[in-house]
Amino acid sequence: MRIDSYIKELLFDYNCVVVPGFGAFLAHSKSAEIDLATNTLVPPSKAISFNAQLSKNDGLLVSHISKEKKLGYEEMLVEVENIAREWNNRLHQGESIELFGIGKLWHNSEKRIQFQPEEKVNFLTSSFGLSTFAATPIQREVIKEEVEALEERIPFIITPEKREQTSFRPWLKYAAVILLAVSLGVTSYRTYGDIQQKEVAAQQDAQQEVSRLIQEATFFESSPLELPAINIKVTKKQLGKHHIIAGAFREEKNANKRVSQLKEKGYNAFYLGVNKYGLHQVAYDSFENPKEALAFLKKVKTEDSRDAWMLSEK
């Protein structure tokens with residue numbers, strides 16, 4: 001039996017999960033930070049560590065597993081202790097243990113347990129949907145300095161244009177005036193004839209338009225045509241109380257884009273709405289039965305995204 005999934009579920013709600021006879025996984029709150037070397041913003045999270053000295057049973061893990069599997073407490077305690085002994089034997093033999101979504105365990109040269117946490121999972125519930133992103137600094141001042149340096153190296157000189165004076169240019173002006181006067185006379189004569197023809201055509205068009213309007217008015221005075229009523233049944237998706245969340249976005253258009261991507265993969269994805277942090281949430285699907293929701297969540301983590309999580313409404 002694998003118990004790493006049960007340990008992972010408890011780390012979302014508790015800061016200490018003890019594996020009897022093996023050690024304890026501890027969760028410490030970690031504030032948001034900026035990596036100046038890579039210009040990356042990391043949201044608030046929980047840092048997971050391991051302490052082999054805290055191996056005394058506190059009942060949290062065993063009670064949780066026995067409740068989920070509907071088995072007795074004593075029976076489950078024996079099984080968990082057997083798993084702890086198996087882990088210790090594997091570590092002593094030089095093997096490493098990888099716990100899904102939690103991290104990796106191994107022995108160093110001094111036979112002490114070393115732990116490398118999984119950085120892709122954020123166990124802080126208030127940071128669900130927030131992921132790291134890189135911010136590129138704006139180089140305004142650098143560009144301004146480069147432009148100023150370029151202007152100093154390449155000065156711009158504007159020289160006035162000089163036109164050559166010719167002796168025959170005044171005669172061209174007089175010839176242009178005479179040609180313009182002749183053109184206006186011919187054009188005015190042609191325009192007067194065109195105006196008369198256009199007035200006759202406009203009167204004919206107006207009479208045809210009046211006749212058409214009279215025919216349309218006569219048509220609409222008749223009794224209206226009664227069409228049969230059409231009943232359309234619209235089925236609305238009934239949402240359950242347990243939603244498998246695919247992510248939360250600051251922009252609604254990004255949430256709608258994520259819904260389209262999931263639908264192309266065959267999921268019944270939908271836009272869930274805005275949470276109390278102002279983020280637009282997208283869900284893979286919704287379930288009324290919590291067991292079905294957990295089974296679907298495990299399937300999504302394996303097939304599509306390990307960052308998926310379940311939101312349960314009261």
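Is K111 buried or exposed? K111 is exposed, with a relative accessible area of 51%. The legends below describe a predicted model.

**Figure 1. Overview of the predicted protein and its confidence.** The secondary structure comes to seven helices and 13 strands. The average pLDDT of the protein is 77, and 62% of the residues score at least 70. Over residues 217-225 the pLDDT is below 50, and beyond near neighbours in sequence this stretch has zero contacts in the model. Where pLDDT is low, the predicted coordinates should not be read in detail. Of the 314 residues, 27% count as buried. Among contacts with a separation of 6 or more, 60% are between residues 24 or more positions apart.

**Figure 2. Close-up of the aromatic pair F22 and F50.** The whole structure holds eight aromatic pairs. In one of them, F22 and F50, the rings are tilted, with 5.4 Å centre to centre and 50° between the planes. F22 lies in the loop between β1 (16-19) and β2 (23-30), whereas F50 belongs to strand β5 (residues 45-51), so the pair ties together parts that are 28 residues apart in sequence. Both F22 and F50 are buried.

Figure 3. The rings of F25 and F115 are edge-to-face, at 5.7 Å centre to centre with 70° between the planes. F25 sits in strand β2 and F115 in strand β8 (residues 113-117); the pair links distant parts of the chain, 90 residues apart. F25 and F115 are both buried.

**Figure 4. Close-up of the crossing of helices α2 and α3.** Two packed helices are described by the angle between their axes and the distance between the axes. For helix α2 (residues 60-69) and helix α3 (residues 73-92), the axes come within 9 Å and cross at roughly 115°. The crossing of α2 past α3 is right-handed. On the α2 side, the contact is made by V62, S63, I65, S66 and K69; on the α3 side, by Y73, M76, L77 and V80. Six of the contact residues are nonpolar, two are polar and one is charged. An α-helix has 3.6 residues a turn, so residues three or four places apart point the same way.

Figure 5. Helix α1 (residues 4-11) is mostly covered, with six of its eight residues buried. The buried residues are D4, Y6, I7, K8, L10 and L11. Charged side chains are included in this list, namely D4 and K8.

Figure 6. K70 is found in the loop between α2 and α3. Although K70 is not a glycine, its phi is positive, at about 55°. K70 counts as exposed because its relative accessibility is 63%, and the cut-off for exposed is over 50%. K111 lies in the loop between β7 (103-107) and β8. K111 is not a glycine either, and its phi is positive at about 60°. With a relative accessible area of 51%, K111 is exposed.

Definitions and conventions. Residues numbered from 1 in each chain as written. Predicted model: local features only at pLDDT ≥ 70, side-chain atom pairs only at ≥ 80, totals over all residues. Heavy atoms only, no water. pLDDT = per-residue confidence, 0-100. Contact = heavy atoms within 4.5 Å. Phe/Tyr/Trp six-rings, centres within 6.5 Å; stacked < 30°, edge-to-face > 60°. Helix = DSSP H or I, 4+ residues; strand = E, 2+ residues; numbered from the N terminus. Buried < 20%, exposed > 50% of the residue type's maximum accessible area, 1.4 Å probe, protein only. Axes fitted to C-alpha atoms, helices over the stretch in contact; angles between N-to-C directions. Left-handed = near helix turned anticlockwise from the far one by under 90°.
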